[in-house]
Amino acid sequence: MNLDFTEAELHRYARHIILPEIGGIGQAKLRAARVLVVGAGGLGTPLLQYLAAAGIGTIGIVDHDTVSLSNLQRQVIHRTSDVGAAKVASARRALAEINPEAHVAAHALRLSPDNALELIAGYDMIADGSDNFATRYLLTDACFLARKTLVAAAILRFEGQLSTYKPHLGPPHPCYRCVFAEPPPPEAVPSCAAAGVLGSMAGTIGAWQATEVVKEILGIGESLSGKLLLYDALDARVERLAVARRDDCPLCGSSPAITSLASPLAQASYAEAYCGD
């Protein structure tokens, strides 16, 4: 591992390096890390900003969408002048201004079963900032099959949730399907466009998500694997629920039904997978 830092890097990351839990070795790990963020929307934009500022060496961004005026209430990486531009291009421009030392790879495409495994293969860790269940199940399955750690978050109205999934390490680590066995009916969970979302919720949960990514890279603190963090902004209440690995889980259980992204159950879960805001 290269522990040589330029004078500019030493100044930029001084508040990290002085932390005993990080130090020079930890900062070098962050510089060597490759993290893929799926979604450059509400959760993805604060997540991306803090990952770049932290010194993550390579950051990939997957999003097929363009910036709209309604995005700007929560997607603070984008500017009014970016309306109509590809989100990955807008995000890459902003990250270059935050930290030009970070290499940013823009993947302006729709995440799908056909490209998911190829995309995540080039990264050490995946962070899910998507806004729909189809993409969440697709990433869950792809990360398990590729043996990648997944840090996933979701927000709606005044509530957010966050967890880390690394079932490829074996018991007791659960996967997303252990917690959410199957997608809810489309009418059961409204989208942010239909139900609304407090803009600052995206910043709160996205920043927490960035913290968990950094912790996993460095191997410090207590992992959220096996735990689901819930935040209710109206009540200013945080809960942390224990979640168990299910032996009958179709993905990581003892007799899995999902052995590839082409498995019938997998296809049924994310036939309409896409990456939105």
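Begin by selecting Tyr231: at 18% relative accessibility, it counts as buried. Here buried means under 20% relative accessible area, exposed means over 50%, and partly exposed covers the range in between, with a 1.4 Å probe and protein chains only. The model is a predicted one, in which local features need pLDDT of at least 70 and side-chain atom pairs count only at pLDDT 80 or more, while totals for chains, interfaces and linings use all residues. Residues are numbered from 1 along each chain as its sequence is written, and side-chain values use heavy atoms, with hydrogens and water left out.

**Aromatic pairs**

Next, display the aromatic side chains; a search of the whole structure finds four aromatic pairs. Rings of Phe, Tyr and Trp (its six-membered ring) pair if their centres lie within 6.5 Å; planes under 30 degrees apart are called stacked, those over 60 edge-to-face, and the rest tilted.

Select Tyr137 and Tyr176: their ring centres are 5.2 Å apart and the planes meet at 80°, so this pair is edge-to-face. Tyr137 belongs to helix 7 (residues 133–146) and Tyr176 to helix 8 (residues 176–179), so the pair ties together parts that are 39 residues apart in sequence. Helices (H or I, at least four residues) and strands (E, at least two) are DSSP runs numbered from the N terminus. Both Tyr137 and Tyr176 are buried.

Trp208 lies in helix 10 (residues 199–218) and Tyr231 in strand 7 (residues 227–232), so parts 23 residues apart in sequence are tied together. Trp208 is partly exposed, with a relative accessible area of 30%.

To view a cluster, select Tyr137, Tyr165, Tyr176 and Phe180, which ring pairs link to one another.

**Charges over rings**

Arg31 lies over the face of Phe5, at 4.5 Å from the ring centre, and the charged end of Arg136 sits over the ring of Phe133, 5.0 Å from its centre. The criterion is that NZ of Lys or CZ of Arg is within 6 Å of the ring centre and within 35 degrees of the ring normal.

Select helix 7, where 11 of the 14 residues are buried; among them are Arg136, Tyr137, Thr140 and Phe144. At 1.5 Å a residue its 14 residues should span 20 Å, and its end C-alpha atoms are 20 Å apart, which agrees. The expected span is 1.5 Å times one less than the number of residues.

What lines the largest cavity? Select Thr140, Cys143, Phe144, Lys148, Leu150, Tyr165, Pro167, His168 and Cys175. Helix 7 supplies the largest share of this lining, three residues. By class, the lining has six nonpolar, two polar and one charged residues. Ala, Val, Leu, Ile, Met, Phe, Trp, Tyr, Cys and Pro count as nonpolar, Asp, Glu, Lys and Arg as charged, and the others, Gly among them, as polar. The search of the whole structure finds one cavity of 30 Å³ or more, and about 40 Å³ of space lies in the largest cavity.

On a 1 Å grid over the protein atoms alone, a cavity is a set of points where a 1.4 Å probe fits but cannot get out; a pocket is an open set with protein on both sides within 12 Å along at least five of seven lines; lining residues have an atom within 4 Å of a point. Grid points are joined across faces, edges and corners, and a volume is the space filled by probe spheres set on the points.

**Helix 10 and the second largest pocket**

Move to the second largest pocket, which holds about 220 Å³ of space. Of its 14 lining residues, the closest to its centre are His16, Tyr50, Ala53, Ala54 and Val214. Helix 10 gives the most to this lining, with five residues. The lining divides into eight nonpolar, three polar and three charged residues. Select helix 10 itself: 14 of its 20 residues are buried. Just after helix 10, Gly219 takes a positive phi of about 70°.

**Backbone stops in the loops**

Select Pro171 and Pro172, where the joining peptide bond is cis, with omega near 10°. Pro172 is in the loop between strand 6 (159–165) and helix 8.

Finish at Arg147, a residue other than glycine with a positive phi, near 60°. Arg147 occupies the loop between helix 7 and strand 5 (149–156), and at 54% relative accessibility it counts as exposed.
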